[in-house]
Amino acid sequence: ASRISAENWQPSLRLKDPPLAGAAVEREALREERSERDGEAQKLEKAKITLNDCLACSGCITSAESVLITQQSHEELYKMLTFNKVTPTEQKLVVVSVSPQSRASLAAKCKMNILETAKKLTSFLKSLGVHYVFDTTFSRNFSLLESQREFVKRFQKQSEDKKALPMLASACPGWICYAEKTHGSFIIPYISTAKSPQQVMGSLIKGHFAEQQHLTPDQIYHVTVMPCYDKKLEASRPDFFSQEYQARDVDCVITTGEVLRLLEQEGISLPDVDPAPLDTMFSCIREEELTSHSGGGSGGYLEHIYKYAAKELFGIQVDTIQYKPLKNKDFQEVTLEKDGVVLLQFALAYGFRNIQNLVQKLKRGKSPYHYVEVMACPSGCLNGGGQIRVEGEASKDWLQQVEKLYESLRTEAPEENQRVDELYEQWLGGPGSARALRALHTQYHAVEKTSTGFNIKW
Ligand code: SF4
């Protein structure tokens, strides 16, 4: 089996070309060694791999692929929906939160506009037994607002905290996995603590929504539809698990491709489905119009933080942003200057090569940036490994179509969303409250390298 090296690593490859279950083999070897040392025949404990065992080392989530996939897959959603049908007295409320990137990919596949796609997808999911369908654009508002505020705080304390800047984006679990497992305690202080849109949605559904429905978190089964497999790893982090209720904030993540498989298994063509009204509680809908955020298919973190910081820190209103491409289109820079003095310098770094260069610069103390939007996939989330693919020559045009559809919605700044304001007040007790910190921020953990031959050198 071939091993994916650091040079060609990217999240979309990780579950496609599984060479060897490194972590599992390692643990099994240790157990056998212990058994032989004691000189007694012992029945070895059966090796079991969970999503939390993933080291993102390109070697371990490999032949464990089937285990990983079955733990969080559309088959699991089917199981839950069947459970609800056969045991109606114990049924759980099933909520699906769809990412805007997945919706754009499905829209391109089905040759429909975004609103049509959203309505037909809602109708299809509800025909299977799903109770509510929401949109993670809504939860991204919180993620953007928290990132903006965190950046300004870090900027203001940069003289006393050497690792306050650059602040590095936190919404991409592919990047977080890599950071924790390869650069651990060096890189973690730089990473924003704001939760990703998926995990903010988890807090909203298992917190506020559960309260509203008079349910406990474990009585809701929360599924997200995401553009990559790494979101499955993110949802399985212990930080997003409630010990009290033995429930995850996001119970199951399915990729865009898996939604397509669901449709195929049901023998349904999405364009033929009758549209249903969209659920409004956690969606960016106003008068039957969906809205989005500006700043690109990965959420627009750079753009929103930049504009907010320019205004908050220097009183400068920025309306449009001029990106300057550096080595390639996945590494771009934005600079705010006044009288020849650089006030803010931001960058976006997409794809493993650019991330690796960024980290090396940081280690040498040569990074000039105040903020970097780091995303593991080349071209960002619209090109995630879980998106619908076309092969060969057509793939470039395909990505452009998906981008065009994604950008076809009217954009809205997170500050403009009144519902978000209300939730800050009613649910969280205002920005910066202890409850807001718990619901909207997270922490990271350096993964210690073990001294075995299974270590991967980066
Ligand atoms: S860039 Fe987006 S799609 Fe790719 S791994 Fe990160 S979050 Fe997933």
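**Setting values against definitions**

Tutor: In helix α13, the residues F352, N354, I355, L358, V359 and L362 are buried (under 20% relative accessible area; over 50% is exposed and in between is partly exposed, with a 1.4 Å probe and protein chains only). The model is predicted, so local features need pLDDT of at least 70 and side-chain atom pairs pLDDT 80 or more, while totals for chains, interfaces and linings use all residues. Residues are numbered from 1 along each chain as its sequence is written, and side-chain values use heavy atoms, leaving out hydrogens and water.

Student: Why are the buried residues of α13 said to line one face of the helix?

Tutor: Seen down the axis of α13, the buried residues fall within an arc of 160°, so they line one face. The arc is taken from the directions that run from the helix axis to the C-beta atoms. Among the elements covering these residues are β3 (167–168), α8 (173–187) and β12 (341–350).

Student: What makes the reach of α13 close to the expected one?

Tutor: Helix α13 spans residues 352–363, 12 residues in total, and its first and last C-alpha atoms are 16 Å apart. The expected span is 1.5 Å times one less than the number of residues, and for α13 this is given as 16 Å. Just after the helix, G365 has a positive phi of about 70°.

Student: Why is F282 called buried?

Tutor: The relative accessibility of F282 is 0%, so F282 counts as buried. F282 is in the loop between α11 (256–266) and β8 (285–286). Its contacts (heavy atoms within 4.5 Å) include F134, D135, M201 and L423, leaving aside residues up to four places away in sequence.

Student: How do you know that D135 is buried?

Tutor: D135 has a relative accessible area of 3%, so D135 is buried. D135 lies in strand β2, residues 132–135. D135 and V98 are 37 residues apart in sequence, yet their C-alpha atoms are 4.9 Å apart in space. D135 touches V98 as well as F282, among others.

Student: What makes α5 roughly perpendicular to α6?

Tutor: Helix α5 (residues 100–110) and helix α6 (residues 114–128) pack at an angle of about 100°, and their axes are 9 Å apart. That angle makes α5 roughly perpendicular to α6 (65 to 115 degrees; under 35 is roughly parallel, over 145 roughly antiparallel, and the rest oblique). The contact is made by R103, A104, L106 and A107 of α5 with I114, T117, A118 and L121 of α6.

How values were computed:
Helix = DSSP H or I, 4+ residues; strand = E, 2+ residues; numbered from the N terminus. Axes fitted to C-alpha atoms, helices over the stretch in contact; angles between N-to-C directions.
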